[in-house]
Amino acid sequence: MADPATYRPAPGSVPESPGVYRFRDEHGRVIYVGKAKSLRSRLNSYFADFSTLHPRTQTMVSTAARVDWTVVGTEVEALQLEYSWIKEFDPRFNVRYRDDKSYPYLAVTLNEEFPRVMVMRGAKRRGVRYFGPYSHAWAIRETVDQLLRVFPVRTCSAGVFKRQNRLDRPCLLGYIGKCSAPCVARVSPEEHRLLADDFCDFMAGNTSRFIRRLEGDMREAAAAQEYERAARLRDDVRALERALEKQAVVLPDSTDCDMVAFAEDELEAAVQVFYVRGGRIRGQRGWVVDKVEDVSTADLVEDFLLQIYGEGESVPREVLVPALPPDEAAMTELLAERRAGPVRLRVPRRGDKKALLETVARNAHEALKQHKTRRASDLTTRSRALHEIQDALELDDAPLRIECYDVSNLQGTNVVASMVVFEDGLARKSEYRRFTIKGVEGQDDVRSVHEVISRRFRRYLAESEKMGELDALGDTESAEGDEGAHQPIDPETGKPRRFAYPPNLVLVDGGPPQVAAAQRALDELGVDDIAVCGIAKRLEELWLPGEDDPVILPRNSEGMFLVQRVRDEAHRFAIAFHRQRRSKAMTVSELDTVPGLGPARRAALLKHFGSVKRLKEATPEQVAEVPGIGLRSAGAILAALHGTGRAGDDRGERA
């Protein structure tokens, strides 16, 4: 741990202008990003009396080794730069909101010729219109089932659409009137897009005109004594009304707003958002966050608005919050830029909006309580686990960064390995790595572990050498005053180099043989400042290099729970990669054996003919119609597929 006084900026060197600052650790990694109206005032607060700082702020300034800053012109620019840096560097001490679950959306793929209505999760895509999020996927499907009577938009996948098109026969939904069957040209692309646009308008809240239109058509049909048509229109009206009943009316029809509420304690905070469109609750979403510093509700609101609306959420005309952010004017201006229109940010004081925000707050309290129940351990428990591991393995420092390695194979085939990273007791999935074992034949976990550790730390030494860090490896005193030392940041991209950060502890899945192999790999590379241990599955004991007896952690200790979680995550990641490799090996096509035929032309042939069987039945002239394939190549392809090609073709041997 560093003494903050050793890297405190010189008096008068920090400007009083607004700007953004970054704390970095001894390896040059950004661990905290912040903004300030006055950089001098804000940074001086970090180097005041150490005992007066919040405990987690004490940890941050002790972990840091230097601080730098960038001056900007306005507070809006400071907000934008702070968000960009948080997104780029993912600092471990910054507040980061994460979903407490994956929320489904109702999506309409307007970027396709025939738009499709579907349930979608994950990152949003360009050209797709989203409604929600919803709490459950079944709620979306119930709503869509009601609306398809009136708006028979396509819901099938691309594969089903193409199949029915080839068969020239609609699917079941087309027969029962819940799809307009564009696959068999019952409607033109323009007519189907109008249906999709009407569907989107209804979901966006423009509901009354559709109901009025159907009711008018129903009365006209009844007056003309077309009673069957009138009955169908009556059922359509009832279907729309049932869909609307699922969305409770809470505010006047013209109200479009997001309602944000928090529930928090000293360690964590939960936030819930209700999306109100056209006076109705259209969706709900929740996040949880670790509170690294002693932040206020206003600070949490600012971080939330900056991160969530910066990541693609549409900004409504009004955002209701429990407390206004410290820089209200700057935040309002930034949100207005994102929306390309005026945005109102306020705290409701009375009336229906205040009552609804209290309901959102109750949901946030319930979400925080459920998260506490689900979470395996809180921040204090994670700290205890790391210290238990430190004491058991007699390490100089707590293992803040643990890398765990596991080897996976099936009877010696498709041998792969995984590397997972845990920092501060939490998985850091962005730094997971996968290895294909190259130098080991058959089932030999010991040699596989040796290869993986050698490859990983050879890369670490190479990255260190590029930055002039090799001479200082294992010698912290020689790096003092050296601007280039311990800076594993790529100067061209400004981003961390891969494999650039060394762990405090290397954990391997296995007993003494695997541990010995890992330690031998480090010794051969001259890396002597990284601890190694293994965890055996039989009794969950920890093995240290060269020790005859294992280290036994108490079965119910937090340290044992953490080691098990790390090992299980490495095992899961390795198994997933192994299955992927094995599945790929089992799906080799006959085209893969054709000499000189690369992936692009193989894909073009399969796309054109649909299958290898149809390709075999084609003539050379038909094969030559595929872009990139001439008549001579077509003849060679067909000869190879029919088994009449030349054996031992040079191009095939090289491939």
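Modeller: A salt bridge is a side-chain nitrogen of Lys or Arg within 4 Å of a carboxyl oxygen of Asp or Glu. Glu403 makes one with Arg456, with the closest N and O atoms 2.7 Å apart. This is a predicted model, so local features need pLDDT of at least 70, side-chain atom pairs count only at pLDDT 80 or more, and totals for chains, interfaces and linings use all residues. Residues are numbered from 1 along each chain as its sequence is written, and side-chain values use heavy atoms, leaving out hydrogens and water.

Biologist: Which elements hold Glu403 and Arg456?

Modeller: Helices (H or I, at least four residues) and strands (E, at least two) are DSSP runs, numbered from the N terminus. Glu403 sits in strand E13 (residues 401-410) and Arg456 in helix H14 (residues 445-466), so the pair ties together parts 53 residues apart in sequence.

Biologist: Is Glu403 buried or exposed?

Modeller: Buried means under 20% relative accessible area, exposed over 50%, partly exposed in between (1.4 Å probe, protein chains only). Glu403 is buried, because its relative accessible area is 0%. Arg456 also counts as buried, at 0% relative accessibility.

Biologist: Which residues are linked with Glu403 and Arg456 in a network of salt bridges?

Modeller: The network links Asp25, Arg29, Asp90, Arg401, Glu403, Glu423, Arg428, Glu431 and Arg456.

Biologist: How many salt bridges does the structure hold?

Modeller: There are 25. One of them joins the side chains of Lys353 and Glu318, at 2.9 Å from N to O. Lys353 belongs to helix H12 (residues 351-374) and Glu318 to strand E11 (residues 318-320), so this pair ties together parts 35 residues apart in sequence. Both Lys353 and Glu318 are buried.

Biologist: What about Arg567 and Asp568?

Modeller: Their side chains meet in a salt bridge, 2.9 Å from N to O. Arg567 is buried, with a relative accessible area of 6%. Asp568 counts as partly exposed, at 43% relative accessibility.

Biologist: Now the nonpolar side. How many residues are in the largest nonpolar core?

Modeller: In soluble globular proteins, nonpolar side chains tend to be buried together. A nonpolar core is a set of buried Ala, Val, Leu, Ile, Met, Phe, Trp, Tyr and Cys residues joined through side-chain atoms within 4.5 Å. The largest here has 30 residues, and Val260, Phe304, Leu305 and Val319 have the most contacts inside it. Elements that each supply at least two of its residues include helix H3 (75-89), strand E8 (257-264) and helix H10 (297-310). H10 gives the largest share of this core, seven residues. Another core, of 27 residues, lies apart from it; Val407, Ile437, Phe457 and Leu522 are among its members.

Biologist: Which residues form a nonpolar patch on the surface?

Modeller: Patches of this kind join nonpolar side chains (Val, Leu, Ile, Met, Phe, Trp, Tyr) within 5 Å, from residues with over 30% relative accessible area and no salt bridge. Leu172, Tyr175 and Ile176 form one, with about 370 Å² of accessible area together (Shrake-Rupley method, 1.4 Å probe). Leu172 is found in helix H6 (residues 172-175). Leu172 is exposed, at 63% relative accessible area.

Biologist: What pLDDT does the protein chain average?

Modeller: pLDDT is the predictor's confidence in each residue, from 0 to 100. The chain averages 79, and 82% of the residues score at least 70. Over residues 470-487 the pLDDT is below 50, and this stretch has 23 contacts (heavy atoms within 4.5 Å) beyond near neighbours in sequence. Residues 645-655 are also below 50, with six contacts beyond near neighbours in sequence.

Technical notes: Patches are made of residues with over 30% relative accessible area and no salt bridge: like charges are joined within 9 Å, nonpolar side chains (Val, Leu, Ile, Met, Phe, Trp, Tyr) within 5 Å.
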